[in-house]
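Trainee: Could you walk me through this one with me asking questions as we go? I would like to begin with the pockets.

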Amino acid sequence: MTSVVNGSPTGAGGSGAITTGGAILGIASTGPGAINVQYVIEHATVLPPHALTKRNSHSGDGPVRNTLPAEDAVFVGRDADLDQITAAVTDVASGSGVVAIHAIDGMPGIGKTALAVRAAHRLADRFPDRRLFVDLHSHTPGHEPTDPADALADLLRADGLDPRQLPDGVQARSALWRDRMHGQRALLVLDNVRSTAQVRPLLPNSSSVLVFITSRVRLADLREATHLNLQLLSPSHAAAMFLQLVPRASAEPDAVAKLVEMCGFLPLTIAITASRFATRPTWTMADLLTELRTTGRVLTVKGEDATVRTAFDLSYRHLPSERQRFFRLLGLHPGVDIDTYAAAALTGTTLDHAAEHLDELYDDHLLDETAPHRYRMHDLIRAYTHTLATSIDPPEVRDEAMERLLDYYQHTAGRADHLIARRTRLATTTVVAAPAAAPDLTGWDAAAGWLRAERANLLAWLHHATTRDQHHRVIGLTAGLANLLRTEGPWTTVADLHQHAANHAARVGDRLGQANALHELAVVRRMAGDYSASDDLLGQALHLHRTLDNRLGQAHTLTELGVVRRLISDYAGSDNLQRQALDLYRALGDRLGQATTLHELAVVRRMAGDYSASDDLLGQALHLHRTLDDPLGQAHTLTELGIVRRMAGDYSASDDLLGQALHLHRTLDNRLGQAHTLGALGIVRRMTGDYVGSDNLLREALELLRTLGHRHGQARALHELGIVRRMTRDYVGSDDLLGQALNLYGALSDPHGQAYARTQLAVVRYLTGDHAAAEDLLQQALTTLHEVSAPDDEAEVLNHLGTLHRLTGHPDQALALHDEAFTMAQGHGHRIEEAHALEGIGRAAADLGNIASANFYLRQALHLYQALGVPEAAQVEADLAALDPRPSNGMDNRPGLGI
């Protein structure tokens, strides 16, 4: 038979090996035949003691020269590892006095032996005196790990020593072995090693000897070795391996990809599964996949007498009984990884003992460390341990372990959520006892970091609790994730979780839990742009909180209702709701709630064009957030302050504030906050003429918003990108982006947003000559903005209407419109539109032939543009230079212009 896997070849058709005291030496070449996976799990055939010297010596009973097994027929995905070993050996050879030892470790069935044998064959010509292979049986069925003294006896006999001259004891034999190997150009493969203590006596003390060691254990004490931790095959290499074993599957690449994924990209599993498929010519890949899915037989599929479970059993049996129990219980965890605290809770042990067990299982390659003190099981090992636990541990033991872990997660998630919340966390009816050990979450960073690290685990346990109708668990775990999920999305999934929590709360009569879940569901609906549903859900939550006389819950809900009303441009309604909430927070002495509501009031004031009041409210909010050491609140408030300063024309201050906010959001890894701040920065860069920078910032914001599913943010980013394209004269691209924004605003029932998008679309239309469409769009926008009380945006529309009338030959009408825009903009401190109005008045005056008046107003516009630091200044300055500076006819002091 021919070995075809990333392990050691063996077979019944060729020469075998010799063993004395359990150490196997050598496997000779084999003939062609069916797939044999026996060698993958690092077994070898045992032959009588005389076979080795008789069949491998060059003459008579002389020393054995070569016992390397044949190379695998199939060997994929290890070229980089092979090159690394070869390069390292070459480097050592160029030095002096160094023993070249390479320790290859990895999980069961990953192909350690195959790599060692392939490397040995590649380098064999460098070592003509000896090329020996020794299996030390650390994980061989029916064998105890080989005693070093017995292994040395075999090695010395293979070197030609008369058995009658063997000294007693491992130390004497080791000394004799090193003496006999001194100066020889030899290569030694020590396979299937259990520990450094087992292998160290076998190591020659000669720089001319190369040693390869394979082990399922990390031989950390073997410090003189170069260590290589063998990883799983990549998906493409795993598929290539399967196809080399079973070429007829090549017509079904998608099925092969699914198959090797089910095999966990582990060479042993792939080989065994391929063996089963190869011996069943009537099967299709669909048949094979169906069997594995429906029977769950990946662990127990047999290739001759080998199974994946057998390989894992060998590692499990070597664990102490206490560690076996610990290992089994880890298999009950449905999440993706586990840290020391969670492991201690699950297994009911101390933190120190949990850390010790995890370290040892990591060293035994039964766990991988994905981050400091975080461990993950390979999927097949997880399935194996789960099977062990359900077959060995009684149901009550398993249930108690899972309840301990659920208590730990629920308690710690609640603590973390409290620390990252933008408002005081409401009381809950699903309180659990504090665990014996939990991480010290003392600030925002630690809390957010823990929640992000545990997010997948918490969601896995939430699914577990949901499917088992553990009502209070569902309510508590969902509440503990609320703030993280709100910030990071995706909101369609998050909405489902909160809906489930609300349903479970209603079923058990938990009105407080139901109100909290409805509130969070409303927030998610609002962020996804479904304002009607959000308003309705908040109404339900407010009713429940009032029934319970829960004033804090009422305050939270009123604040959120105010946000929804603002987003549908009901600024008066929003202001009223926020003030009710602020009164409640002040009565309760809740400073965090006050800060949040002051912020929201400031946004309403800014949307209504009252920048001075908005700035003042944000200053109060920022002071409170800093007093409370609330970095997230500070970041949000700095972003809003930057927007207000931009609207007031202070672009330098705006850029600085937004830069501070972005730094905080990135430090906190707050993607939604980053998106909003990037968008705001993009507008500032566009206003100051950096169109490339603006485009890049807005696109980055749009990508984040799409990932999160934030449709309102997407609409805003699209229309701002549309403006940038217009400024760079890409009118087709601008029209398309603004059209997308208008459609999104319409779907969101946001009249203010629609008016803004129509305004920008109108500019593109009149610049491309479609004056009728432009005027229609501007009139629609003006009507809407007047209805929602947005005078700053009204001033912008009036200026655009003035420009349109001037372009269509009606400078007198343009003059009146710019005059009205100037009065409105000046009254609200909207300096950029004030400057645009002055420019419009000057250009209309020029068209009417009053050059002196035009000169006066254009100079006023120029001074304001220069003070703002915007690109419009250059064109106005050029136009002023071209004007005929005739004496003023008095028009510059004409009544009604507001100058």
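Trainee: What volume does the second largest pocket have?

Mentor: Keeping in mind that this is a predicted model, the second largest pocket comes out with a volume of about 320 Å³.

Trainee: And how many residues line the second largest pocket, and which lie nearest its centre?

Mentor: Its lining is made up of 14 residues, and those that lie nearest the centre are H418, L419, L628, D629 and D630.

Trainee: OK, switching to rings, how many aromatic pairs does a search of the whole structure find?

Mentor: The search finds 9 aromatic pairs.

Trainee: Are Y316 and Y384 buried or exposed?

Mentor: Both Y316 and Y384 are buried. They also belong to one aromatic cluster, in which F312 and F327 are the other members.

Trainee: Which rings have the charged end of an arginine over them?

Mentor: Two examples can be given here: the charged end of R118 sits over the ring of F75, 4.4 Å from its centre, and the charged end of R218 sits over the ring of Y362, 3.5 Å from its centre.

Trainee: Now strands. What is the order in the open sheet of 3 strands?

Mentor: The order is β10-β12-β11, and the pairing is antiparallel. β10 (338-339) and β11 (368-371) stand at the edges and have a single partner strand each, so one side of each is left without a neighbour in the sheet.

Trainee: How many bridges join β10 and β12, and which residue stands opposite D339?

Mentor: β10 pairs with strand β12 (residues 374-376) over 2 bridges, in the antiparallel sense, and the residue opposite D339 is R374 in β12.

Trainee: Last topic, L288: which helix is it in, and why does it count as buried?

Mentor: L288 lies in helix α10 (residues 285-295). Its relative accessible area is 0%, and therefore L288 counts as buried, because that label applies to anything under 20%.

Trainee: How far apart are L288 and L259?

Mentor: In sequence L288 and L259 are 29 residues apart, while in space they are 8.3 Å apart from C-alpha to C-alpha.

Technical notes: Residues numbered from 1 in each chain as written. Predicted model: local features only at pLDDT ≥ 70, side-chain atom pairs only at ≥ 80, totals over all residues. Heavy atoms only, no water. 1 Å grid on protein atoms, 1.4 Å probe; cavity = no way out; pocket = protein on both sides within 12 Å on 5 of 7 lines; lining within 4 Å. Points joined across faces, edges and corners; volume = space filled by probe spheres on them. Phe/Tyr/Trp six-rings, centres within 6.5 Å; stacked < 30°, edge-to-face > 60°. Buried < 20%, exposed > 50% of the residue type's maximum accessible area, 1.4 Å probe, protein only. Lys NZ or Arg CZ within 6 Å of the ring centre and 35° of its normal. Pairing = 2+ DSSP bridges. Helix = DSSP H or I, 4+ residues; strand = E, 2+ residues; numbered from the N terminus.
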